[in-house]
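I opened a new model today and kept notes as I went. The entries follow the order in which I looked things up.

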Amino acid sequence: MSGVRTSRSLGGRGGLASRLLLAQVLVLGASVVTAGAVAALFGPPLFHEHLLEAGQAPDSPQLAHIEQAYRDASLVSLAVALVIALACAAAVTWYVTRRMQAPLDALANAAREVSRGHFGARVGPLGAGTEFDELGHAFNLMARQLEQTEDTRRRLLSDLAHELRTPIATLTVYCEGLRDGVTTWNADTERVMTEQTERLARLAADLDDVSRAEEGRLALDLSPTPVPELIWSAAEARREAFARQGVELHVRPDAAPDVHVEADPRRIGQVLDNLLANALRHTPRGGAVQLSARAVHDAVEIVVADTGDGMSADQLPHVFERFYRGDTARDRDRGGSGLGLTISRAIADAHRGSLVASSAGPGEGSTFTLTLPCA
Ligand SMILES: Nc1ncnc2c1ncn2[C@@H]1O[C@H](COP(=O)(O)OP(=O)(O)OP(=O)(O)O)[C@@H](O)[C@H]1O
Ligand SMILES: [Mg+2]
């Protein structure tokens, strides 16, 4: 069906074949008219002159015969040449359009598949020259990009629905209980309902951050900021939580004492807070977390290293993905949405820095390194 449609466009009016044939006919027409005009204008006087030089009398009947023969021969050769050239043009047009038919069909079919939402459609080697191969390659790249975008969109929507389900279900149960008189309003009810609404509000804020970061709209309020100040304020904000859970927090900014970075202190505080919260969540009582800084060339490395759960080689490449949460009991139990590291990395990138994770394996602790260029 589609092949028929393509061949019509190649052969029909305004199609490639008719355009190609028309172009060749125009070239042929111009050549024949030029050859005929030259032969008619310059041929007879030249012929006449040579015949007179050869001794023919100007009014002899032979002269008139020979000149007539010249005109007839010119006319016949032009007519025969035109017919053969037209036949060749038709043959060339047929051959060229036939060679282009299959690759154009393949491309048109694949494009139609993509337009119907089948993003897995690809074209194979087209075998009709480098230009067609490049076109096929570009088409495949475009289809792959569309497929990835569609995958991400689908995954994002399903992850989002999943994240919304738990708090909404909990709030629904409590609201129904209160309405039916099964649950009474007390400190516990208040705590649960506040926790769940806060979780929804945080999810909305995190999603806003992620979409801003992905569109490159993360507004930064940059100023030269001393590194120890960033580190101490992040540590202070979490110190109590560490003490409560019996995890030691060591702060060592001494390897970058007077260094300033060009940073948005609030955003970098958000990154460090997420790294410290993750480290605390994944470090059992009695363990330790170290927050340190060191100057390297024209950048500063801020390192959060813990002695906790660690991460497997399978887990490491995914921790910065949206909504990714490890499968440990700790990850399942708490209310995090798995957006923290996605946002943290986007903030690091927006500062023209980087955030990387490493771990020697499960049970061996984890290290997160935030690199920021010096002011
Ligand atoms: N210090 C760490 N030790 C072991 N695993 C970690 C550590 N930090 C992060 N991870 C793993 O990376 C996952 C993603 O972390 P991320 O901060 O993005 O999300 P979260 O902490 O689960 O949720 P959120 O930060 O949105 O509240 C975690 O669920 C955990 O599996
Ligand atoms: Mg987190």
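Entry 1, the sheet. I count two strands as paired if DSSP finds at least two bridges between them. Helices (H or I, at least four residues) and strands (E, at least two) are DSSP runs, numbered from the N terminus. I also noted that this is a predicted model, in which local features need pLDDT of at least 70, side-chain atom pairs count only at pLDDT 80 or more, and totals for chains, interfaces and linings use all residues. Residues are numbered from 1 along each chain as its sequence is written, chains are lettered from A and ligands numbered from 1 in the order in which they are written, and side-chain values use heavy atoms, with hydrogens and water left out.

I found an open sheet of 5 strands in the order β2-β4-β5-β7-β6, with mixed pairing. The edge strands, β2 (248-255) and β6 (354-359), each pair on one side only. From one strand to the next the twist averages 15°; axes here are lines fitted to C-alpha atoms, for helices over the stretch in contact, and angles run from 0 to 180 degrees between N-to-C directions.

Entry 2, strand by strand. I saw that β2 and β4 are parallel and share 6 bridges, and that E248 stands opposite A288 in β4. Helix α9 (residues 340-350) packs on the sheet and touches β6 and β7, its direction making about 135° with that of β6. Contact means heavy atoms within 4.5 Å.

Strand β4 (residues 288-296) runs antiparallel to β5, and 8 bridges join them. A293 stands opposite I302 in β5. On to β7 (residues 366-373): β5 pairs with β7 in the antiparallel sense over 7 bridges, and V304 has F368 in β7 as its bridge partner.

Buried means under 20% relative accessible area, exposed over 50%, and partly exposed in between (1.4 Å probe, protein chains only).

H297 has a positive phi of about 50°. This residue sits in the turn of the hairpin formed by β4 and β5, which has 2 residues between the strands. H297 is exposed, with a relative accessible area of 84%. R352, in the loop between α9 and β6, has a positive phi near 55°. R352 is exposed as well, at 75% relative accessibility.

I looked at α6 (residues 227-244) and α7 (residues 265-281), which pack at an angle of about 35° with their axes 9 Å apart. Their contact has 11 nonpolar, no polar and 2 charged residues. For these classes, Ala, Val, Leu, Ile, Met, Phe, Trp, Tyr, Cys and Pro count as nonpolar, Asp, Glu, Lys and Arg as charged, and the others, Gly among them, as polar. The residues that meet include L230 and F242 in α6 and I268 and L280 in α7.

Which residues coordinate the magnesium ion (ligand 2)? I found N274 (OD1) and N278 (OD1), at 2.2 to 2.3 Å. Donors are N, O and S atoms within 2.8 Å of the metal (3.2 Å for Na, K and Ca), and water is not among the atoms, so sites may look incomplete. Both N274 and N278 lie in α7, 4 residues apart, about one turn of the helix. N274 is buried, with a relative accessible area of 15%, and N278 is buried at 16%.
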